[in-house]
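Reader: Hi! Could you walk me through this one while I have it open on my screen?
Author: Happy to, let's bring it up.

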Amino acid sequence: MGSKILVVGAGYVGLTSGICLASLGNEVVCVDNNIEKIDLLQAGKLPIFEPGLLDLLNKGIDRNLLRFSTDLIKHAKNANFIFLCLPTPPLEDGTADMSFVYHVVDEISPHLNGSAIIVNKSTVPLNTSSEIKSRQLNKAVAVVSNPEFLREGSAVTDFLNPSRIVIGADERSSAIKVAALYAGLEERVFITDPVSAECIKYMSNGFLAMKVSFINQAARFCEAIGADVVSVSLGMSLDPRIGRSFLNPGPGWGGSCFPKDTAALAAAALSKQSPMTLVEQAANDNKLHQNEIARLITKEIRDLGKTAVSIGVLGLSFKANTDDTRDSPALKIIELIEMSNVACDIRAYDPEASIENRATFSRVDSISEAIIGSDLVIILTEWPEFALFPPESYASLMKGNTIIDTRYVLDNSLFHQCGLRVRSMGRVQS
Ligand code: UDX
């Protein structure tokens with residue numbers, strides 16, 4: 001039998017971590033203060049959409065390796081490892097709000113046995129591990145940084161087939177104990193000191209955000225010179241030093257991590273008088289890019305020459321394979337369209353996004369319902385079904401003939417053959 005693990009926080013990170021750690025043979029209790037969420041989980045249901053997670057949830061429950069509870073203290077008392085998977089949302093100045101983490105740390109500290117190890121999974125400000133250590137009443141309790149690199153929509157794969165498992169600890173013995181929880185993945189373990197481990201997480205996200213901002217900026221340049229950004233991206237990616245991933249142009253980056261982590265990294269760097277200006281610029285350009293995408297769309301709307309326009313929007317989540325709409329570029333761009341001075345009736349379809357109707361659009365349940373009779377269609381999230389929907393069906397359902405594809409998922413020539421025009425930033429128009 002594996003070790004007794006307490007996971008605190010049943011969000012995207014806590015649920016994926018807890019359920020996957022149980023699938024590796026550890027005994028896991030996942031605690032959250034939301035009783036509805038805990039009841040749902042104990043009944044074998046998920047409050048989030050994450051491919052592959054439901055199956056592992058039910059396997060863990062069936063094998064008696066996975067339980068859910070709201071009783072934090074009870075389970076802290078006999079846990080060998082306490083994984084902190086708590087929200088660290090950005091404050092006004094971009095620094096992380098640590099109140100959720102420190103509240104839990106102070107609540108459990110009096111109850112931890114000397115051999116317990118606190119494992120910090122949340123993305124936290126640099127040197128948080130030493131702050132948590134300093135708050136411990138029992139100084140024998142070790143604190144280890146084990147940042148997560150999970151992408152929503154592929155979190156299970158990322159957890160069970162990680163490119164690296166980063167463990168930051170002051171004592172190597174603590175790092176080895178945490179590494180042992182990842183049974184069968186030991187060769188992926190990378191051990192370092194706590195602050196370097198925290199830094200690896202921020203720098204990785206900062207670099208990836210910068211890479212996406214680069215190709216989005218390149219899309220705007222290709223628009224200006226008449227080049228094809230998809231061809232440019234593919235040509236660049238053939239250089240193994242550049243690589244294919246995170247080089248896809250889009251409507252800008254969003255989600256619960258990139259915006260938060262780039263802001264926190266920039267703020268932390270500024271506070272140390274060593275600004276990460278490249279990351280600051282990536283974030284600034286991301287905002288500019290979303291405005292430029294909205295400008296391209298509103299020009300297409302105005303070019304229709306109508307006082308009222310019917311628009312079909314496909315995609316609301318911040319990327320495909322997730323229900324998460326936090327900081328979704330799709331929502332930002334819809335808001336920017338609404339600020340243009342043309343009356344737009346927007347019907348939006350997304351297979352999973354967890355969001356209700358808003359004043360700016362009404363939610364419908366299928367692609368057909370979103371695009372029927374529309375003057376214009378806008379693809380804002382790269383759900384595969386949007387590219388699989390036949391071009392002739394788009395043509396027969398739409399009233400207009402233009403599809404703005406901000407995710408570059410449609411085959412322009414196929415759609416052109418059906419009399420449709422596909423418009424993407426930085427692509428020669430079909
Ligand atoms: C990210 C990191 O990838 C992950 O390692 C970390 O643990 C958490 O933050 P996530 O927030 O789930 O994961 O999203 P990610 O897949 O990184 O995409 C971030 C944004 O960039 C999305 O809006 C996505 O649409 C956009 N993106 C990504 C692009 O526009 N083009 C790309 O090529 C890749």
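Reader: Let's begin with H10. What do the buried residues of H10 pack against?
Author: They pack against H9. One caveat as we go: this is a predicted model.

Reader: Noted. Which residues of H10 are buried?
Author: Val 229, Ser 233 and Ser 237. They cover an arc of only 70 degrees around the axis, so they sit on the same side of H10.

Reader: And what caps the N-terminal end of H10?
Author: Asp 228 does, with a side-chain oxygen 2.9 Å from the backbone nitrogen of Val 230.

Reader: Which backbone oxygen lies 2.7 Å from a polar atom of the Ser 237 side chain?
Author: That of Leu 234. Leaving aside neighbours within four places in sequence, Ser 237 is also in contact with Gly 243, Arg 244 and Leu 247.

Reader: Leu 247, okay. What about the ligand, which polar backbone atom is 3.3 Å from one of its oxygen atoms?
Author: One belonging to Leu 247.
Author: Two. A polar backbone atom of Phe 318 is 3.2 Å from an oxygen atom of the ligand, and for Arg 407 an N or O atom in the side chain is 3.0 Å from a ligand oxygen. The protein covers 93% of the 670 Å² of accessible area that the ligand has on its own.

Reader: How many residues are around the ligand, and which come nearest?
Author: There are 18, and the nearest are Glu 152, Asn 248, Gly 254, Lys 319 and Arg 407.

Reader: Which helix gives the most to that shell?
Author: Helix H9, residues 194-225, with 3 residues. H9 is also what the buried residues of H10 pack against.

Reader: Is Phe 246 buried, exposed or partly exposed?
Author: Partly exposed, because its relative accessibility is 25%.

Reader: Which residue just after H3 takes a positive phi?
Author: Asn 64, at about 55 degrees. Its place is in the loop between H3 and S3. Asn 64 counts as exposed because its relative accessibility is 64%.

Reader: What about H3 itself, which residues are buried there?
Author: Leu 53, Leu 56, Leu 57, Gly 60 and Ile 61, in a helix that runs over residues 53-62. They lie on the same side of H3, because they cover an arc of only 135 degrees around the axis.

Reader: And what covers them?
Author: The cover includes helix H1 (12-23), helix H2 (35-42), strand S3 (66-69) and helix H7 (155-160).

Reader: What does Phe 68 touch?
Author: Not counting residues up to four places away in sequence, Phe 68 touches Leu 15, Cys 30, Ile 38, Leu 41, Gln 42, Leu 57 and Ile 61. Leu 57 and Ile 61 are two of the buried residues of H3.

Reader: How many residues does the largest nonpolar core have?
Author: It has 42, and those with the most contacts inside it are Leu 15, Phe 68, Phe 83 and Tyr 182. H1 gives the largest share of this core, 6 residues. Apart from it lies another core of 33 residues, among them Ala 330, Ile 337, Cys 344 and Leu 380.

Reader: Last stop, Val 364. Where is it found?
Author: In strand S11, residues 362-364. Val 364 is buried, because its relative accessible area is 12%.

Reader: Which residues does Val 364 touch?
Author: Arg 347, Ala 348, Tyr 349, Glu 369 and Ala 370, not counting residues up to four places away in sequence.

Reader: And how far is the C-alpha atom of Val 364 from that of Cys 257?
Author: They are separated by 28 Å, and the two residues are 107 residues apart along the chain.

Technical notes
Residues numbered from 1 in each chain as written. Predicted model: local features only at pLDDT ≥ 70, side-chain atom pairs only at ≥ 80, totals over all residues. Heavy atoms only, no water. Buried < 20%, exposed > 50% of the residue type's maximum accessible area, 1.4 Å probe, protein only. Helix = DSSP H or I, 4+ residues; strand = E, 2+ residues; numbered from the N terminus. Arc of directions from axis to C-beta. Contact = heavy atoms within 4.5 Å. Core = buried A, V, L, I, M, F, W, Y, C linked by side-chain atoms within 4.5 Å. Near = heavy atom within 4 Å. Polar contact = N/O pair within 3.5 Å; in protein donor to acceptor, adjacent residues only side chain to side chain. Areas by Shrake-Rupley, 256 points an atom, 1.4 Å probe, with all protein chains shown as cover.
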